[in-house]
Amino acid sequence: MHRRYGLRVGRPVDRFYIERFLERHAADVRGRTLEVLDDTYTRRFGGDRVTEAAVVDLDPANDRATIRGDLETGEGVPREAFDCFVLTQTISITYDFNGALDTAHAALAPGGVLLLTVPGISHQADPGGELYADHWRFTWRAIARLLGERFGEQNVIVGADGTVAACAAFLYGIPAAELDPALFDPHDPDYEMVVWARAVKPGG
């Protein structure tokens, strides 16, 4: 059994679902983009469609950050400035997740797209080894309501991915490469490992 989601021995199982979701919506990663901590997914999925890749983080030691901003309060985060916000596995480590979602909505220009993922089934991140503490887990229903209240229900698509076998492997820290690909699908609604959403800000 490997701790930290199996990260030390390979790509964690949840990343398979996260990256598949982003690949499906790669066309949304364009123009002025925002990502948290670094711009790995922006560059990977946006490529030359991205004209400016901004990175937000509060940590002054993060030299990849271009914006020192607080997602909970919105302080330091530009408003109506971005065409896409790639926000993966972040609001679960943000105590005021409502504040973070308000900031994400405010940061997008009209017509801008939020690509969000959150954990459903997951073990807790090591509280002593993480800069930001782990607080929350979500269901697709919660994310649908939270985003619908901000973006309008008609502008939000929400789903989830997971199977009992994939969840078990993830909890044991078995990397994705060691799992039979047939065990990733079809999604079992009783086992939501990753909840994902695409939300478009009205007005574009």
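Leaving aside neighbours within four places in sequence, Asp14 is in contact with Gln89, Phe170, Met193 and Val194; contact means heavy atoms within 4.5 Å. The model is predicted: local features need pLDDT of at least 70, side-chain atom pairs count only at pLDDT 80 or more, and totals for chains, interfaces and linings use all residues. Residues are numbered from 1 along each chain as its sequence is written, and side-chain values use heavy atoms, with hydrogens and water left out.

Asp14 lies in helix H1. Helices (H or I, at least four residues) and strands (E, at least two) are DSSP runs, numbered from the N terminus. Asp14 is buried yet forms no salt bridge. Buried means under 20% relative accessible area, exposed over 50%, and partly exposed in between (1.4 Å probe, protein chains only). A salt bridge requires a side-chain nitrogen of Lys or Arg within 4 Å of a carboxyl oxygen of Asp or Glu. For Asp14, the nearest side chain of opposite charge is Arg15, 4.2 Å away. Lys and Arg count as positive, Asp and Glu as negative; His and the chain ends are not counted.

Helix H5 spans residues 164-172, and Ala166, Cys167, Ala169 and Phe170 are buried in it. These residues cover an arc of only 160° around the axis, which puts them on the same side of H5. The arc is taken from the directions from the helix axis to the C-beta atoms. The buried residues of H5 pack against helix H1 (13-24). Gly173 follows H5 and has a positive phi, near 80°.

Six strands form an open sheet in the order S2-S1-S3-S4-S6-S5, with mixed pairing. Two strands pair if DSSP finds at least two bridges between them. Strand S2 (50-56) and strand S5 (156-161) are the edge strands, each pairing on one side only. Neighbouring strands are turned by 15° against each other on average, direction ignored. Helix H3 (residues 97-107) packs on the sheet and touches strand S1 (31-36), strand S3 (82-88) and strand S4 (108-119). The direction of H3 makes about 145° with that of S4. Axes are lines fitted to C-alpha atoms, for helices over the stretch in contact, and angles run from 0 to 180 degrees between N-to-C directions.

Six of the seven residues of S3 are buried, so S3 is largely enclosed by the rest of the structure. S1 and S3 pair in the parallel sense over three bridges. Thr33 stands opposite Cys84 in S3. S3 and S4 also run parallel, joined by six bridges. Leu115 in S4 is the bridge partner of Val86. S5 and strand S6 (residues 194-200) pair in the antiparallel sense over six bridges. Asp161 stands opposite Val194 in S6.
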